[in-house]
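Please keep the structure in view while reading.

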Amino acid sequence: MPNRLALASLAGIVLLAAGFYLFLRGLGAPDPSDSLTNRIEALVGKWSTGGVPLKDRVITLVIGDSGAGESVLSLSRPPLSEGSMLDKIRNILGMGTRLRTLKEPTEFSKAFSRDPNAVTWVFEGFSRSDEKAVVEQVRKSLIKAHDADAVINIVAQGEIGGAVLKSLKSLEGEVRGGIRVGANSLTLMGMSKGRLKSYDPAYFSTVKKPANVGEWANVYNSYGEGLEESTMEVFSEKYDGKAFSGKILINLVSAAEPRMSSSGLFVRLDAFALAIIGVFGREGGLEQWCSQQEFLEEQKRLQEEREAAKRKAEEEARRLAEEEARRKAEEEARRRAEEEARRRAEEDAKARSPDYCRERPAGRYGPMVSAGGVSMDKFEVTVEAYAECVSAGACEAPSGEGKCNWGKYGCESHPINCVSWHQANAFCKWAGKRLPSETEWERAYRGGTKTEYFFGDDESRLSAYAWYDKNSGEHTHVVGAKRPNQYGLYDIAGNVWEWTSTCEVGSCSIRGGSWDNFADCCRADFRNRNHRGFRTDGLGFRCAGGGASR
């Protein structure tokens, strides 16, 4: 029995230990969306999708610690935390820690927000127990970026810089694709050789630049006799950790508005840190550092220059705005002048236009009717219809002199007059029609009757059907104002004579009479002739349907 109890107790302890182990393992499982490698993969994916050329594949890897404070250049920080008890247990069991990545950006990470290739990774309080996980994440990320043919520049804040250096040192012998895996440049903000040694005395007993790092700088604030200054320790081919103290690199200050850091120095993190990356190797680059007093004086000068540039830009903007306003005013004045000129021209045309041109239109040229076996225009061809042919380039503009209707304001619905046989024929061809023969015209006029007029023999009734010398007022009238004949043809008698296609020895028949003729000229059998070039204010035309004359 005792043996069974012992075995049961042992089994319970094993199960409890296993459960605790699984609990710790689940508690520490990394969140893939927060991993540095995941962020590198996302950027590399955008490059691949967007076809970014190799020369533009540059990653700025920004690694920060919210616990390092806003004064990113300060060395006066509390000692690095050893981590929680759970973290220590997990490290003893070889599980590593769960990295506490911040969801919201810090002031440090926001300083790099304008760099489209910046990959930021900020922890919520970096501790010694996090180092192993950080080293592994940075190592994997550097390999992934290297495989994407990217140039890597690293900016790290606080003690995390020690972990980043360990990642780089672990890759010193790593060669992929014939190229050593590493970083083009490394900037450690708020870090010094002394701080690195206190971070890990054994590992950093000798502070040397890793062979797979192009250039490396520790940038921090130092103090002496009440004056805060900046120091840069440079590791490159030329310098092996040489410190340039009591200096601030003026040419790295951004032209944008500087931000006052809690350390009391005007510094813009992105311009300051990123420009350091490219300062090495420039002749006289590090010698451009100066004292804080000189820096503040330089800041004042730069501020004055910015204000002067701003004033100049505002003056230029005002000048351009004034020019634009002047241009718009001139355009508006020109537009109004043109409108006024058109209005006056229209009024002048109205004033010069005869009173008879202001009659209300009674008909509009266009429809045809069947008239004694042939299709004929319902109305005589109007000025408006003829103008379309002129605009199309198919007809010649007639004269507008005297009582000719062409060009007179308001006469658009009057019959076109003062046109030759050639002009009338050209219009009918353009309209897909033809001039009627004299036989067709007379048959259409009579409307099936055999009387002197299509309405009978009583001349006194003519005024109801035609404009002639007794009722015309000595001018044409709008088409369709009188009664039509039996086929629905308006003005077949009077208003204007009408050309026909029947010609003999250069002269062609005209029929129907006009506003200027006696009643006899409006009879069905009255005939007149004129040469093809003849034009007069009492002569116009109408067209017949397509096909040969009969």
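A residue is called buried when its relative accessible area is under 20%, exposed when that area is over 50%, and partly exposed in between. The model shown here is predicted.

## Overall architecture

The chain contains 12 helices and 17 strands. It has 550 residues, of which 46% count as buried. The accessible surface of the chain comes to about 27300 Å², and 53% of this area belongs to carbon and sulfur atoms.

Contacts can also be sorted by separation along the sequence. Among the contacts between residues at least 6 apart in sequence, 71% join residues at least 24 apart.

## An enclosed helix and a buried loop residue

The buried residues of helix 6 are Ile160, Gly161, Gly162, Ala163, Val164, Leu165, Lys166, Ser167 and Leu168.

Burial is also found in a loop. Thr382 lies in the loop between strand 13 (374-377) and helix 10 (383-391). Thr382 counts as buried because its relative accessibility is 2%, and the cut-off for burial is under 20%. Leaving aside residues up to four places away in sequence, Thr382 touches Tyr365, Glu412, Ser413, His414, Pro415, Ile416 and Val479.

Side chains of opposite charge can pair when their charged atoms come close. In this chain the count comes to 27 salt bridges. One of them joins the side chains of Arg335 and Glu339, with an N to O distance of 2.4 Å.

Where do Arg335 and Glu339 lie? Both belong to helix 9 (residues 292-352), and they are 4 residues apart, about one turn of the helix. An α-helix has 3.6 residues a turn, so residues three or four places apart point the same way. Arg335 has a relative accessible area of 34% and is therefore partly exposed. Glu339 is likewise partly exposed, with a relative accessible area of 35%.

Glu438 forms a salt bridge with Arg511, and their closest N and O atoms are 3.0 Å apart. Because Glu438 lies in helix 12 and Arg511 in strand 15 (residues 507-511), the pair ties together parts that are 73 residues apart in sequence. Are these two partners buried or exposed? Glu438 is buried, with a relative accessible area of 8%, and Arg511 counts as buried at 0% relative accessibility.

Another salt bridge is formed by Arg542 and Glu498, whose closest N and O atoms are 2.9 Å apart. This pair links distant parts of the chain, since Arg542 is in the segment after strand 17 (539-540) and Glu498 is in strand 14, 44 residues apart. Arg542 is buried, with a relative accessible area of 0%, and Glu498 is buried, with a relative accessible area of 1%. Salt bridges that share partners also join Glu438, Glu442, Arg446, Arg511 and Arg527 into one network.

## Negative charge on the surface

Which residues gather in a patch of negative charge on the surface? They are Glu452, Asp457, Asp458 and Glu459. Asp457 is found in the loop between helix 12 (438-446) and strand 14 (497-504).

Conventions. Residues numbered from 1 in each chain as written. Predicted model: local features only at pLDDT ≥ 70, side-chain atom pairs only at ≥ 80, totals over all residues. Heavy atoms only, no water. Helix = DSSP H or I, 4+ residues; strand = E, 2+ residues; numbered from the N terminus. Buried < 20%, exposed > 50% of the residue type's maximum accessible area, 1.4 Å probe, protein only. Contact = heavy atoms within 4.5 Å. Areas by Shrake-Rupley, 256 points an atom, 1.4 Å probe, with all protein chains shown as cover. Patch = residues over 30% accessible without salt bridge, like charges linked within 9 Å, V, L, I, M, F, W, Y side chains within 5 Å. Salt bridge = Lys/Arg side-chain N within 4 Å of Asp/Glu carboxyl O. Lys, Arg positive; Asp, Glu negative; His and termini not counted. Charge placed at Lys NZ, Arg CZ, Asp CG, Glu CD.
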